Every structure is written in C-alpha cells, then in structure tokens.
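Hello,

Here is the structure I promised to hand over. My notes follow below it.

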Amino acid sequence: MGDVPVMGGRELSCMIVAGGQWGDEGKGKIIAYLALHDRPHAIARSGVGPNAGHTVYWKGTKFGLRQIPCGFVYEGARLLIGPGVLVNPKVLLSEIEATGTRGRVGVDGGCAIIEERHIEEDRSSEHLKGKIGSTGTGCGPANVARVNRTARLAREVPELSEFIADVPAEVNEAIESGKNVLIEGTQGFGLSLYHGTYPYVTSKDTSASSLAADVGVGPTMVDDVMLVFKAYVSRVGAGPFPTEIPQEKAEEMGIVEFGTVTGRRRRIGLFDFQLAKRAVMINGATQLAVTCLDRLFKDASGARSWNALPAAAKEFVERLENELRVPVTIISTGADIENVVDMRAEKI
Ligand code: IMP
Ligand code: MG
C-alpha cells in the first residue's frame with residue numbers, strides 16, 4: 001500500500017466536495033486546503049460550468065475561478081474538467097494563463113461549448129435574467145443546446161486541442177491504482193434542477209450523484225462525500241429563502257457579500273437546518289465542512305484547533321452534528337487556506 005495517502009487510518013481515494021446550500025458555501029477554499037494537504041493525483045471539476053465562481057487566495061492573489069479547479073494550488077495535481085461541465089473557451093484559456101497551469105490541464109473532449117449566442121440569449125431573456133436571476137453566463141441556453149443535441153463539443157474547438165483528454169479514463173485509472181482523486185463540485189443543493197427550489201434553480205442537478213456522473217465516476221467508486229455549509233446562508237438571484245434576514249440585520253452582524261461571477265449583492269440568512277438535513281440525505285454526506293465560522297463568531301477568527309474556538313462556536317458545531325448526524329471534520333475560520341480546524345484524524 002506504500003504510497004497510498006492514509007487519513008485517520010483509512011485510505012482516501014475518491015472524495016466529492018459538494019455544496020449544501022445555494023452555492024457560495026466556500027467550497028473553493030476547502031478544496032484548496034484539501035488539495036494542499038491530501039495531495040491528490042487529480043482534481044476534477046464537475047457541476048454546471050462558468051456560472052460558478054470558486055474563490056481562493058493564493059500567494060497574495062485572489063482567484064475567482066470559473067473553470068479551472070481551485071485545487072490548482074497543489075502543483076502535483078492534474079487538473080481536469082469532466083464531460084458534464086460546460087466550457088467557455090475564452091474563460092478557460094484566460095484562467096489557464098492566470099494560474100500558470102498549461103501543462104497539467106485536461107478538458108474532456110465531450111464538454112459542451114458555450115457560444116456567444118448562448119450568452120446573448122441568457123442575458124436578453126426576460127425569464128432567465130429577469131425572473132430567475134441567472135448569472136448571464138450562457139449556461140442555461142448551452143445546456144438546452146446540449147439536450148437538443150445541437151451543441152458543439154470541446155473536441156471540435158481548435159484552440160482547445162492541446163488540452164483535450166479522456167477525463168473519465170484518467171480519473172478511474174487513478175482511483176483503481178489507489179491514487180487520491182478529488183471531485184470539485186460547484187453550485188449547491190438548493191440550486192439543483194431536481195431537488196432545489198424550482199424554477200429558481202440552475203440548469204442541472206447539483207447533488208453528489210450528478211457531480212460524480214459529470215466526471216464519469218460510478219457511485220460505487222466514491223468513498224466520501226464532503227458536504228460544505230456556510231455557518232449562515234446566502235443566496236444570489238431570485239427564489240425562496242425561508243431563513244432570510246433583512247440586509248440591515250446582516251450588516252449589523254458584519255456580513256456583506258457580493259457574487260464572484262456577477263458582483264451582485266448576496267441575500268443573507270440564518271443557518272437553515274431543514275434545508276441542511278435534506279441536503280445531507282440527497283447527497284449521502286459522509287463528512288461536513290463548515291465555513292465562515294469566523295464571520296458568525298468573531299473570536300473564532302484564524303483558529304486552527306478545536307480548543308482555540310470560542311464556546312458559542314463549539315456549541316454551534318455540536319448542534320450541527322447532533323441535528324444532521326454526520327461528523328463535522330473541517331472548519332474554516334478565515335480566508336487564508338491554512339485557517340482551518342482539521343479534525344479528520346480524530347473523527348474518521
Ligand atoms: P444560471 O445557473 O446562470 O442559469 O442561474 C440560475 C440561478 O442559479 C441563479 O439564481 C444564479 O444566481 C444561481 N447560480 C448558478 N450558479 C451559481 C453559483 O455558483 N453560486 C451561486 N449561485 C449560482
Ligand atoms: Mg461562488
């Protein structure tokens with residue numbers, strides 16, 4: 001078993017990181033932390049496409065990545081985009097430059113391409129942009145084209161030729177040889193086309209099963225589903241939000257957020273246990289990560305051990321575990337990648 005990384009006495013080989021709320025749970029930061037510490041052979045991005053922005057602070061720069069996996073910070077990892085994911089070649093190529101990852105990016109030849117006309121349609125649609133509050137990135141119309149079987153695929157785009165790969169083959173070969181693989185989910189449970197607050201959702205299912213399918217991994221090959229929750233809830237775009245609080249109240253709590261892709265101000269609310277329970281069930285979560293604990297409990301800022309957390313923060317995490325019946329193994333206490341309480345060794 002020599003080189004197989006061992007976590008808490010157990011081999012870690014394929015983990016999906018998924019969002020448990022309406023996206024923007026802080027998955028980018030969690031994935032960057034896992035990438036640096038677990039050193040996966042491959043990190044494969046799944047989910048809808050460039051409507052998602054994963055934020056990571058790395059070497060003094062803020063990255064808001066929409067196509068390249070946030071795990072790029074670990075230089076040993078192959079960076080893959082599964083065939084279920086939409087690709088905007090312009091966004092992808094500029095991110096490859098910005099992250100300096102040209103030699104290790106693989107885009108599946110079967111990824112559907114977002115064309116200019118998809119973006120125009122998304123932005124000019126009274127329904128999508130007006131009513132639903134889409135990100136205007138062309139994802140909905142491009143997925144329609146894919147379903148209609150008129151979409152162009154990545155393997156037909158000359159600018160992408162050097163990156164074209166068989167992502168399911170790479171990922172499954174890695175898993176079978178005992179190497180560590182991380183599947184980077186995007187969006188969140190409440191935005192799922194099937195399980196979310198339809199019609200105020202994105203253009204695809206966003207649960208762990210679909211995230212695995214996006215990169216071509218079968219359900220029996222997945223070892224862990226880490227579901228990420230922010231310590232409070234945010235939602236950008238229209239739609240039901242049972243625990244929403246007024247903007248002024250959020251400001252009093254020191255919580256003001258803006259979307260990574262669109263710059264829109266996010267709606268803020270308190271932690272929604274009902275939504276979280278359903279997200280745990282449908283994602284088959286085996287571990288939970290809680291982010292932005294420092295924004296809810298200021299004294300938690302920068303903590304790196306359980307004992308360094310204030311009592312109120314500990315109580316909150318314990319309540320999460322009691323109600324959701326899944327261990328909280330990772331807690332994020334700040335924007336820096338190392339502002340993490342990692343309890344995997346003790347809890348799994
Ligand atoms: P679309 O995915 O651009 O069609 O947008 C549909 C809905 O999903 C809108 O409410 C968007 O704000 C939301 N959405 C899509 N992707 C994300 C994401 O990555 N984070 C947060 N909201 C998202
Ligand atoms: Mg985001």
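**Second largest pocket**

The second largest pocket holds about 240 Å³ of space. A pocket here is an open set of points on a 1 Å grid over the protein atoms alone, where a 1.4 Å probe fits, with protein on both sides within 12 Å along at least five of seven lines. Volume is the space filled by probe spheres set on the points. α2 (89-99) and α3 (116-124) each give two or more residues to the lining. Lining residues have an atom within 4 Å of a point; among them are Arg 66, Lys 90, Glu 115 and Arg 123. The lining has four nonpolar, two polar and five charged residues.

**Magnesium ion (ligand 2)**

Its protein donors are Asp 24 (OD) and Gly 53 (O), at 2.0 to 2.6 Å. Donors are N, O and S atoms within 2.8 Å of the metal (3.2 Å for Na, K and Ca), and water is not among the atoms, so the site may look incomplete.

**Ligand 1**

Polar contacts are pairs of N or O atoms within 3.5 Å. A polar side-chain atom of Asp 24 lies 3.4 Å from a ligand nitrogen. Ligand oxygen atoms lie 2.9 Å from a side-chain N or O atom of Asn 51 and 2.8 Å from a polar backbone atom of Val 236.

**Provenance**

The model is predicted: local features need pLDDT of at least 70, side-chain atom pairs need 80 or more, and totals for chains, interfaces and linings use all residues. Residues are numbered from 1 along each chain as written, chains are lettered from A and ligands numbered from 1 in written order, and side-chain values use heavy atoms, without hydrogens and water.

Best wishes

Definitions and conventions: Helices (H or I, at least four residues) and strands (E, at least two) are DSSP runs, numbered from the N terminus. Ala, Val, Leu, Ile, Met, Phe, Trp, Tyr, Cys and Pro count as nonpolar, Asp, Glu, Lys and Arg as charged, and the others, Gly among them, as polar. A polar contact is a pair of N or O atoms within 3.5 Å; within protein, one must be able to donate a hydrogen and the other to accept it, and residues adjacent in sequence count only if both atoms are side-chain atoms.
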